[in-house]
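Please work through the exercises below with the sequence and the coordinates at hand. Each task is followed by a worked solution.

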Amino acid sequence: MSVRTTTLPKPYHDAVIRWRETFLPDYDLLMESWEKFFPNEPKFELCAYRQLGMCTEIECGDQKGKPKFTRAADMPAEPAQHLFGAIRAQASTEFGSIQQHRLTLARAQEEEEQFWILRMMAEELRHGYQMLHLLVEDDWSCVTQESRADLVEGILSMNTGSHILGAFNVDFDSFIDNVVFCGLIDRVGKYQLAMQKVSAYQPMAESMPQMLREEAFHLAAGVVPMRRWVTAAAKGSTFITMVDLQKAINKWVPRALEMFGDERGGGTNVRFGLKPMKNAEAQKQYVEEIGKLVRDLNLRYLRARDEKLTHGESETVLDRILAGESVGGIHREDLLHLPHAEYFRRRGMPAFKMVGADGEVFTDLRAYQQHLVRTLPDAYRASRDFREYMDALTQVAEGTMKAEEAAGKMPSLRRVGGACPCSKAVRWMVDEPSSSAA
Amino acid sequence: MTATTSDVSIRPLDELDISDIVRIDEKILGSYRPEVWERRIGYYLRRDPETSVVAEADGRVVGFMLGEVRSGEFGLEEPTGWVEVLGVDPECRGRAVGRRMAEAILEHFRERGAKSVRTLVDGENEELCGFFNSLGFQPSSLRAFTRPI
């Protein structure tokens, strides 16, 4: 395996450093504490990695088997435009999510978990840097008149709420969000990165392997603390309860599902050779994966509640409880669950349906609003995101706006085009037309 | 189980394997140690998730092999692959699960530039010594020293 390491030309590299000093002020602390939390591990380096020796033929879509594109200028106009928008938006949100994480980073109760997230933020900075590298190294004059300097400046000047395509505004309420976001939202990123690894644009494909390696730990930075928290909750800790975790899961899973795009779409990316899977297929795999995550957390909880249980016994007990039985004083509602796929959705096929977390269908707007209030984190109720959803839901329920129209007005958290996998790759997007579902 | 060697698939380790590895470790050692594996797997995922692998058969994880490429230790300046942790579900022994994992992990070591692979084995563990011998491992001049403190 051969990897090429590069840095941006000095003015752009320095611009990223200045951005880091403003929005990732704990970076120096991370470097000073590196040996304490990551002993003998290679130190973080802000650079772009390109893996060499990868497949040089387009791996999916209409051009399958033809040579991959090494220059944007050689691509047909429409795919080039699509790719450019995806990289730029991706870059903006890589930086944008660092702005999200930093707000609640200091609230972590455990120093180790805090430094895991801090390392993850630094690596997300590198992912944004990687996207800037793609923009700066190639000539994009075929799709934009903006200079390289303007492209970089435009991305680095964005702030929370001003990122590409609207508000990037799902605020973190506590450190629970930092962790659950890594476990659920970064996982969508993993899917996107894996799909982008076959991109018809060779520089994009070559950017993915290192990002995927880093993303593997980002997921662990979510899953491991969640495992520890359910263990503590089972033993009576009141700091982070199962109810708290469930509400955070309810908050993020709907957004995660929407990040795959409309369930009917994704065909355009496949035809262009930019991704190998349509939206619904990737989303289905994701749901299976987070289903395993939730089941593992429940098993961990059960064994912490009753340390005499063997693995096999805990599997049996879990199935009995999920079937509605109470075992050892533990009820179904004491455990974690994935919310129904149509719960709290504002994009895609289930947009603005009044479906509860367990799949129950509501016909009364007020009752559904109360259900959402009960099942989502308390602090989230005060957010702009929730208010805008509730306003749109009300209009849809009262018949003054169609669900499709409301969905079009609501920005959605999505990984555009599939560039970066990380949480930072998330951005607010508008769905492609449903005709692309073909 | 009746599955054959060809039914075993190998893939890189990921964070959702923690529960399965805890389960296999518990079967082997008889103790439940989730905290140990949460920390340890976090380490290997940070280092390089592709140089640690799990084996799957019949839709579940039946083995794991964790390792990494390091250099500059024990006087070994060249990049060296280290096989550090290995476990196979006792119910799945005899199906070449360990061999399949070793082949995969050695390939990753080669891709990372390693010219040799090393491990440390308790000399009294004949099964494990036999396993590594069958893979072509030979005793090395690098000796393990220890003393109580």
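The model is predicted: local features need pLDDT of at least 70, side-chain atom pairs count only at pLDDT 80 or more, and totals for chains, interfaces and linings use all residues. Residues are numbered from 1 along each chain as its sequence is written, while chains are lettered from A and ligands numbered from 1 in the order in which they are written.

**Exercise 1.** Determine which residues of helix α6 (148-156) of chain A are buried, and what they pack against.

Solution. Helices (H or I, at least four residues) and strands (E, at least two) are DSSP runs, numbered from the N terminus. A residue is buried if 20 or more other C-beta atoms, placed from the backbone, lie within 10 Å of its own. By this criterion A:L151, A:V152, A:I155 and A:L156 are buried in α6. They line one face of the helix, because they fall within an arc of 120° seen down the axis of α6(A); the arc is that of the directions from the helix axis to the C-beta atoms. An α-helix has 3.6 residues a turn, so residues three or four places apart point the same way. The buried residues of α6(A) pack against α1 (10-23), α4 (77-105) and α5 (111-137) of chain A.

**Exercise 2.** State how many helices and strands chain A has, and what percentage of its residues is buried.

Solution. Chain A has 15 helices and four strands. Of its 438 residues, 50% count as buried.

**Exercise 3.** Describe the side of chain B that touches chain A.

Solution. Contact requires C-beta atoms, placed from the backbone, within 7 Å. Chain B and chain A contribute 19 residues each. In chain B, α1 (18-29) and α2 (34-47) each supply at least two residues of this side, and α2(B) gives the largest share, seven residues.

Terms used. Buried ≥ 20, exposed ≤ 12 C-beta atoms within 10 Å, placed from the backbone. Contact = placed C-beta atoms within 7 Å.
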